[in-house]
Amino acid sequence: MERARQEEEKGIPLRRRMQIRLMAELESRKAVDDEELWELIDHTILEFGQEEYIPLKEKMDLRVRLFDGFRRLGILQELVDDRKVTEIMVNGQDRIFIEREGRMFLWDKSFDSQEQLEDMIQQIVSRVNRMVNVSNPIVDARLEDGSRVHVVLPPVSLDGPAVTIRKFPEPITMEKLVCSSSITAEGASFLQSLVRAGYNIFISGGTNSGKTTFLNALSAFIPQEERVITIEDSAELQIQQVPNLVRLEARNANSEGEGQVTIRDLIRAALRMNPDRIIVGEVRSGEAFDLLTAFNTGHSGMGTGHANSPEDMLSRLESMVLMAADLPLTAIRSQICAAIDVLIHLGRLRDRSRRVLAISEVLGMSQGEIQLNPLFVFQEEENLNGGGIEKDIVERERREGKGEGKMPETRNRKAGAGKESGERVEGRLVQVGKLQKTEKLKAAGCKL
């Protein structure tokens with residue numbers, strides 16, 4: 001029997017063979033704590049060491065990786081523990097990409113098998129009471145440290161399970177954002193006054209532009225005496241200074257298609273919980289209508305959404321409201337103007353740094369269009385010095401016959417495309433206008 005087992009195990013990697021034997025041992029026990037698991041792993045390594053030679057260094061590595069495979073995230077745990085890694089992208093069992101300090105790399109390690117990858121996925125989603133399988137192949141989850149996890153399984157993912165982990169290793173404060181030049185001290189002080197006065201703020205930006213991080217930093221300005229309710233698909237916000245905090249998380253339907261709790265459901269529930277402020281992690285669909293309704297009924301709050309500019313965010317909000325309610329466009333725009341006071345737009349520059357690119361005030365309607373009052377705008381150093389990268393690009397294209405010598409309106413919004421990506425982008429957030437709606441500031445006794 002023992003010889004047959006050994007023959008069967010030939011060709012299987014050593015760690016996988018140990019894992020199979022440990023799994024068989026664990027199935028025969030009701031519950032095993034961490035200390036007992038370490039003992040079982042040591043005993044298994046000792047058994048295999050009697051059957052074949054294993055160097056001491058490899059034994060130590062096997063010991064840690066086996067424990068990580070059962071209690072943590074297996075080979076990915078090394079990346080999760082690395083504070084310099086901000087994103088982990090698994091494209092099947094043998095291709096793992098990482099983002100470290102703004103740059104993307106192919107990692108030199110991989111999963112032993114697709115089954116090992118699938119076991120890790122089930123371990124992640126089960127911890128937050130979610131389910132992913134062939135009939136429900138897409139799911140959002142989170143790790144214990146708040147990192148966001150997105151999973152797509154075959155047959156939707158053609159090359160094997162795809163896992164994306166966006167890490168949030170520690171809360172980023174506004175002071176850290178100022179130190180990293182993401183925002184100026186003047187801009188941070190301005191936003192601090194708006195938050196304390198209860199202005200309704202919406203944060204826009206592209207994928208991976210730092211919206212959730214900025215929202216988390218901005219929420220630190222909320223007065224401690226307020227009752228705050230956060231609503232998210234997967235809980236990521238880390239508000240720490242508010243004692244009266246309620247955290248709500250959406251839930252997917254079960255295998256029978258029942259039990260789903262959407263963001264819209266949670267916003268409606270929050271309105272009955274006596275909130276001073278409602279914070280929605282990300283607005284993607286019809287919940288935009290419910291959030292605007294909440295803001296228009298005396299509640300303060302903040303939210304985020306994907307867009308390429310403040311103007312685009314307004315258009316997206318209109319589209320999202322139409323998903324939930326068949327209203328005239330004029331009525332929707334009027335609701336947006338009454339609900340949202342300030343738009344903050346974030347972006348990622350060509351040097352991969354994340355910056356606040358614009359802060360705009362929503363003024364109201366004029367000839368059927370929503371009017372924005374630019375308050376702060378990010379300007380590169382060349383523009384501040386009176387030259388301007390835009391002029392250089394236009395002049396070069398004119399000489400080379402590639403353009404008509406016209407200044408493209410979108411170039412500034414592309415954060416200075418045209419320079420080599422390796423250099424540091426120098427610039428700062430410059431105040432270009434004054435806040436016109438000051439009623440909330442006066443009512444709260446705040447000054448700019």
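Modeller: Of the 448 residues in the protein chain, 46% count as buried, where buried means under 20% relative accessible area with a 1.4 Å probe, protein chains only. Bear in mind that this is a predicted model, where local features need pLDDT of at least 70, side-chain atom pairs count only at pLDDT 80 or more, and totals for chains, interfaces and linings use all residues. Residues are numbered from 1 along each chain as its sequence is written, and side-chain values use heavy atoms, with hydrogens and water left out.

Colleague: What makes β7 and β11 a pair?

Modeller: Two strands pair if DSSP finds at least two bridges between them. β7 (residues 201–205) and β11 (residues 300–306) have five bridges, so they pair, in the parallel sense. Along them, G205 stands opposite H306 in β11.

Colleague: Why are β9 and β15 called edge strands?

Modeller: The open sheet runs β9-β8-β10-β11-β7-β12-β13-β14-β15, with mixed pairing. β9 (245–249) and β15 (427–431) each pair on one side only, and that makes them the edges. Neighbouring strands in this sheet are turned by 20 degrees against each other on average, direction ignored.

Colleague: How do you know that helix α10 packs on the sheet?

Modeller: Contact means heavy atoms within 4.5 Å. Helix α10 (residues 263–270) touches β8 (228–232), β9 and β10 (277–280).

Key:
Helices (H or I, at least four residues) and strands (E, at least two) are DSSP runs, numbered from the N terminus. Axes are lines fitted to C-alpha atoms, for helices over the stretch in contact, and angles run from 0 to 180 degrees between N-to-C directions. Buried means under 20% relative accessible area, exposed over 50%, partly exposed in between (1.4 Å probe, protein chains only).
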